[in-house]
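Reader: I have the sequence and the model open side by side. Can we go through it in short questions and answers?

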2 protein chains.
Amino acid sequence: MIQASICTIGDEILIGQVVDTNSSHLAVALEEAGIRVTRMLSIGDDREEILNNLRNELELNDIVITTGGLGPTKDDITKDVLAELSGSFEYVENQEQLAIVEDILRGRGLDVLPINRAQALVPEKCEVIPNRKGTAPVMVFRFPEDSYNATLFALPGVPFEAVGAIPDVMEDIRAHYPLNDILHRSIMVSGIAESALSELIAPWEDALPEDMHLAYLPSPLTGIRLRLSIYSGKAEDEKARVEEQIARLKEILGDKVYSDQDDTLEATIGRMLKAAGKTVSAAESCTGGEISHLFTSVPGSSAYYLGSVTSYAVSVKEHVLGVPAETVEKYGVVSSEVAAAMAEGVRRVTGSDYAVSTTGLAGPDGDEFNPVGTVWIGVAGPRGTKTVKKIFKHDRKRNIERFAASALDFLRLTLLEDLTN
Amino acid sequence: MIQASICTIGDEILIGQVVDTNSSHLAVALEEAGIRVTRMLSIGDDREEILNNLRNELELNDIVITTGGLGPTKDDITKDVLAELSGSFEYVENQEQLAIVEDILRGRGLDVLPINRAQALVPEKCEVIPNRKGTAPVMVFRFPEDSYNATLFALPGVPFEAVGAIPDVMEDIRAHYPLNDILHRSIMVSGIAESALSELIAPWEDALPEDMHLAYLPSPLTGIRLRLSIYSGKAEDEKARVEEQIARLKEILGDKVYSDQDDTLEATIGRMLKAAGKTVSAAESCTGGEISHLFTSVPGSSAYYLGSVTSYAVSVKEHVLGVPAETVEKYGVVSSEVAAAMAEGVRRVTGSDYAVSTTGLAGPDGDEFNPVGTVWIGVAGPRGTKTVKKIFKHDRKRNIERFAASALDFLRLTLLEDLTN
């Protein structure tokens, strides 16, 4: 089995200022390709540390992937160290990356300074994968059999640039290493906790054939991805066997399965609305813009998403959304009645077919009537208005994410009922 | 300087199922105590991997902290490996931890099974720091001078248990190691690209004393954190020297410095508004809720943030915000005039003192008048309305973040002018 090591470089990680998320994205991609990650390392911006650690990782692995330390400033020394490690005596200007650098800076109305041009300089003994999302290219060092017999990929550290480079890196790995076929098949599940899901599907999971492996990949915003894999052999031949198991699993889970592929709730809802020619809007209190943010993160969402009102202050609930002052007074801000009035209000003012609303307490504190973590969700549509209450026990940030995901799931279930019946 | 290594143990990290956040919490605590973290490692649940890596880390460091692999199930083997590593031939039952285990399980209405009792068993050659948040205790192995001359702390992997154990671990370290002071001083900068910033402060940076180290820590939402550090000696004595350098730096950067501490734009704006007793609202088009999301991510933001309207559809711009149809028709949706009318509209309907707006093209496509990445930002306040145009060249997600950060910065500069003059 091909072995890989992931190495993040930067003092900011070692002092805890930044949480390394690049490694886990890389690990997912490597694992899906059937490559074993032997370890992950984080080291500082220090010449000797980088040299010693990379030498060691190159001895022990087929593939070493680094992220970070490629910025234009003085503390970023990874490129110089890689020049030394690879025995490169000169830097060469990569024309393709230079064009991208110039494009990025001119697009921002900035001059191309020498420090920017230097971003396109790479050690002579590397190949370049251009980075279209930033100024530092991906550098590929192929060490010959008589030295390390390994490949080193140096990626930028900025997370969206590092993640953006993963497909190109994986393509390069596939072109140079003999990888087994691996068959992965995912479905997306929402509206159920991991432990409850695990109990519910235990009989099915226990009866899985020995060569099939199930993984739970939970995320606060997308629910749980269930991934069924066959790691060895000619996976193509096994497709029918996997599909048979997936069909059984979907029968057990019913409408908790929201998509048959790697997907998000907001993209799923978008497809449903688009297909039906319907529109949606949102009224947010405790989620404070998160639902709107999720809707608009889908390219093309302007076809069905009209807009939202974030009514953080009660006055905005009353004056913009038309929630009656008596309703707030009688039932409290965090109530079924206010959630319903908010959804109906934003549906009216935006003229959308559907509307979803949230009112709750993300934290740090609850109020005199409700514990922290309580949310009321409303969905208004042509067939009327429904509400539901949920309670989560996380911190503020995580509660906001769970509130938003629950609201989207409640909307999805309503659309499922309305649009397919 | 005392050196430490952090080692997280668990297959789930190496396949990317879980992002390791324990290491960064530990790193913050160690760094604050003046301990240098030399590296972080993540390794799998494998006897030989754990042994080899820990032996190596114990050779190179004064302190090694592990998290994970202490659960009651078969795949958690860290405790057995630590028994081997420490030359412990027997396990002893720790009565204090056993009482906690019994307490936790009874609290959940569960019986205490042998598998649970075993959680309180520890290798004979360790000291125990009881874990009140979970069943696995913290184990402290003090290796004598003639072996590794280092201390190993084994913490549970569950994040809230690991983080909960940090104060006790730090107290133990302080009791056993002579610690130096370490001095960090950060300022937050916005409205300037990293490369331009680097050029601007190059003369200052080049003239820094040798014992001071500058780091650039950029983030799309918070701008750039500039951190000046002195790692050695009696840091308290050096404070004045660092402050002198920071004062010079602030003079060079002027109003590009938005905070004198580790901070965000939205928290800074919150403090400015709170101090002045003013309120704010937002009208978002292309940022789709991101600005509102940022405002509400600050605990206590309801004191000054009233709410927002996300007017994704033109109809919502017209009907909810009162942007005149003629303005849209004459100047186009992405225009200074529409940005101004949106800000004025949301200020009017929410009754806020200030309002900020965005209208632009986050991507993937531009329109016939503007390239993708264009945003018009508006700020309306008691002294009138201002607009500014910015162009970014990122992908959709990153453009939305940069649009939102730019809007917040434009609002901040307006507040700075209004509230301090």
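Reader: How many of the 8 residues of helix α4 of chain A are buried?
Author: This is a predicted model. In it, helix α4 of chain A spans residues 78-85 and is mostly covered. A:Thr78, A:Lys79 and A:Val81 are among its buried residues. The buried count is 6.

Reader: What covers the buried residues of α4(A)?
Author: The buried residues include A:Leu82, A:Ala83 and A:Leu85. Their cover comes from elements of chain A, including helix α3 (47-60). Strands are part of it too, among them β1 (3-9), β3 (63-67), β5 (121-123), β7 (138-142) and β8 (151-155).

Reader: Now chain B. Is B:Gly69 buried or exposed?
Author: B:Gly69 sits in the loop between β3 (63-67) and α4 (78-85) of chain B. Beyond four places in sequence, its contacts include B:Ile9, B:Asp45, B:Ile77 and B:Gly157. The cut-off for burial is 20 or more other C-beta atoms within 10 Å. B:Gly69 has 26 within 10 Å, so it is buried.

Reader: How far apart are the C-alpha atoms of B:Gly69 and B:Asp46?
Author: Along the chain, B:Gly69 and B:Asp46 are 23 residues apart. Between their C-alpha atoms, the separation is 9.9 Å.

Reader: Which residues have the most contacts inside the largest nonpolar core?
Author: That core has 126 residues. A second, separate core has 87 residues, including A:Ile50, B:Val37, B:Leu155 and B:Val169. B:Ala343 touches B:Ala283, B:Ala355 and B:Val379, among others beyond four places in sequence. In the largest core, the residues with the most contacts are A:Ala343 and B:Ala343.

Reader: Which strand gives the most to the side of chain B that touches chain A?
Author: Across the two chains, 61 residues of chain B are in contact with 64 residues of chain A. The chain B side divides into 27 nonpolar, 24 polar and 10 charged residues. One strand, residues 305-311, gives the most, with 7 residues: β14 of chain B.

Reader: Which residue is the bridge partner of A:Leu41?
Author: Strand β2 (residues 36-43) of chain A pairs with strand β2 (residues 36-43) of chain B. The sense is antiparallel, over 5 bridges. In β2(B), the partner of A:Leu41 is B:Leu41.

Key
Residues are numbered from 1 along each chain as its sequence is written. Chains are lettered from A and ligands numbered from 1 in the order in which they are written. This is a predicted model: local features need pLDDT of at least 70, side-chain atom pairs count only at pLDDT 80 or more; totals for chains, interfaces and linings use all residues. Helices (H or I, at least four residues) and strands (E, at least two) are DSSP runs, numbered from the N terminus. A residue is buried if 20 or more other C-beta atoms lie within 10 Å of its own, exposed if 12 or fewer, and partly exposed in between; C-beta atoms are placed from the backbone. Two residues are in contact if their C-beta atoms, placed from the backbone, lie within 7 Å. A nonpolar core is a set of buried Ala, Val, Leu, Ile, Met, Phe, Trp, Tyr and Cys residues joined through C-beta atoms within 7 Å. Ala, Val, Leu, Ile, Met, Phe, Trp, Tyr, Cys and Pro count as nonpolar, Asp, Glu, Lys and Arg as charged, and the others, Gly among them, as polar. Two strands pair if DSSP finds at least two bridges between them.
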